[in-house]
Amino acid sequence: MDVPAYGRNMTSALVTGANQGLGRALVDGLAGRVDRVLLTGRNPERVAAAAADAGVEGRVLDVRDGDAIDALAAELGEVDIVFSNATARMTPDDDPVDVVDDQIDTSNLATTAILRAFAPRLRAGGRLIVVASALGTLDKLPDAVAPRFAAVAEQDLDAVDALVEEWRAAVHAGDERFGSWLNIPSKVAQVAAVRAVARTRRAADLAQNRLIMALCPGLIDTDASRPWFADMSAAQTPAQAAAWPVELVLGETFDPAFYGELVQFGRVLPWETGVPVPA
């Protein structure tokens, strides 16, 4: 396959949560097509082994550490591709009180930290993709709180973080007004963060061929997803799920309708109404 012209000019790509699953598949898809690919994760041994196997540069990065994100961004200077993919693993048997902190710190505060650190460092033609899911739309939330997520998406990252902290406190207090399934407010907050950043950058970014968006990669057969689904027969392999996002970030152009939105396989998932998801 010929590498698109945009891909030939790429110099750097960063993938978080890249030791396994979708993150590792994204790295594999970028390797050899981008001059420098950084495979990151929090476990030094796993990072070293995965990077050696993929033939890319490994870097320990705990996305729960905002200072570490800022330091890496400062070191890299400008970047071309960022996949914010790290997430905390949960099972249906987990008590939300036991896992909400890791979920928020790994998926939500890390997302806003990466957006703050790397969006200003995107080169012309750059791509910053936050991996979320089809759960990240307002219709998945309880009616009483959906308008609040819609409101912070029209404000800024500080407002998104404040609402996430309110959700954290509610979970610890046994208050289920945000719903009982952590994945939903977490994913909606990720998409809200993307929308909050995109709101102020859209015109300038589109003029410079830069893309910031959230990604729903679809159902993927991984250790993290298997506990949630009785039937995985329709699930993708990580390599299959990574194929479209990799081509998107390496392509010379993109559909401007993707900018600031949640996108799955080239289709924008409506923020207010979403789409049905597997039971």
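Analyst: One term first: a polar contact here is a pair of N or O atoms within 3.5 Å, and within protein one of them must be able to donate a hydrogen and the other to accept it. Also keep in mind that this is a predicted model.

Let's start at His172, which sits in helix H7. Its side chain makes a polar contact of 2.9 Å with the side chain of Asp101. Setting aside residues up to four places away in sequence, His172 touches Val97, Val100 and Asp101.

Beyond its neighbours within four places in sequence, Arg168 is in contact with Asp101, Ile104, Asp105 and Leu109. Arg168 has a relative accessibility of 13%, so it counts as buried.

Helix H5 covers residues 96-118, and together with strands S4 and S5 it makes a right-handed β-α-β unit. S4 (residues 79-84) is mostly covered, with six of its six residues buried. S4 and S5 (residues 122-131) run parallel and are joined by five bridges; for instance, Ser84 has Val130 in S5 as its bridge partner. S4 also pairs with strand S1 (residues 12-15), again in the parallel sense, over three bridges. There, Ala13 has Ile81 in S4 as its bridge partner.

Leaving out residues up to four places away in sequence, Phe118 touches Leu14, Ile69, Leu72, Ala73, Leu76, Val79, Val82 and Leu128. Phe118 is also one of the residues that touch the most other members of the largest nonpolar core, which has 96 residues; the others are Leu30, Leu115, Leu128, Phe149 and Ile212. The largest share of that core, ten residues, comes from helix H8.

Asn85 lies in the loop between S4 and H5. A polar atom of the Asn85 side chain lies 2.9 Å from the backbone oxygen of Gly17. Despite being a loop residue, Asn85 counts as buried, at 10% relative accessibility.

H2 (residues 21-30) is mostly covered, with seven of its ten residues buried. What covers them? After H2 comes Gly32, with a positive phi near 85 degrees.

Finally, the aromatic side of things. A search of the whole structure turns up two aromatic pairs. In one, the ring centres of Phe149 and Phe178 are 6.2 Å apart and the planes are at 85 degrees, so the pair is edge-to-face. It links distant parts of the chain, 29 residues apart: Phe149 is in helix H6 (residues 146-153), while Phe178 is in the loop between H7 (157-172) and H8 (183-207). Phe149 is buried, with a relative accessible area of 1%, and Phe178 is buried at 1% too. Trp244 and Phe258 form an aromatic pair as well, edge-to-face, at 5.9 Å centre to centre with 70 degrees between the planes. Trp244 lies in H9 (residues 238-250) and Phe258 in the loop between H9 and strand S7 (262-264), so this pair ties together parts that are 14 residues apart in sequence. Here Trp244 is partly exposed, with a relative accessible area of 26%, whereas Phe258 is buried at 7%.

Note on methods
Residues numbered from 1 in each chain as written. Predicted model: local features only at pLDDT ≥ 70, side-chain atom pairs only at ≥ 80, totals over all residues. Heavy atoms only, no water. Phe/Tyr/Trp six-rings, centres within 6.5 Å; stacked < 30°, edge-to-face > 60°. Helix = DSSP H or I, 4+ residues; strand = E, 2+ residues; numbered from the N terminus. Buried < 20%, exposed > 50% of the residue type's maximum accessible area, 1.4 Å probe, protein only. Pairing = 2+ DSSP bridges. Right-handed = clockwise from strand over helix to strand, strands pointing away. Core = buried A, V, L, I, M, F, W, Y, C linked by side-chain atoms within 4.5 Å. Contact = heavy atoms within 4.5 Å.
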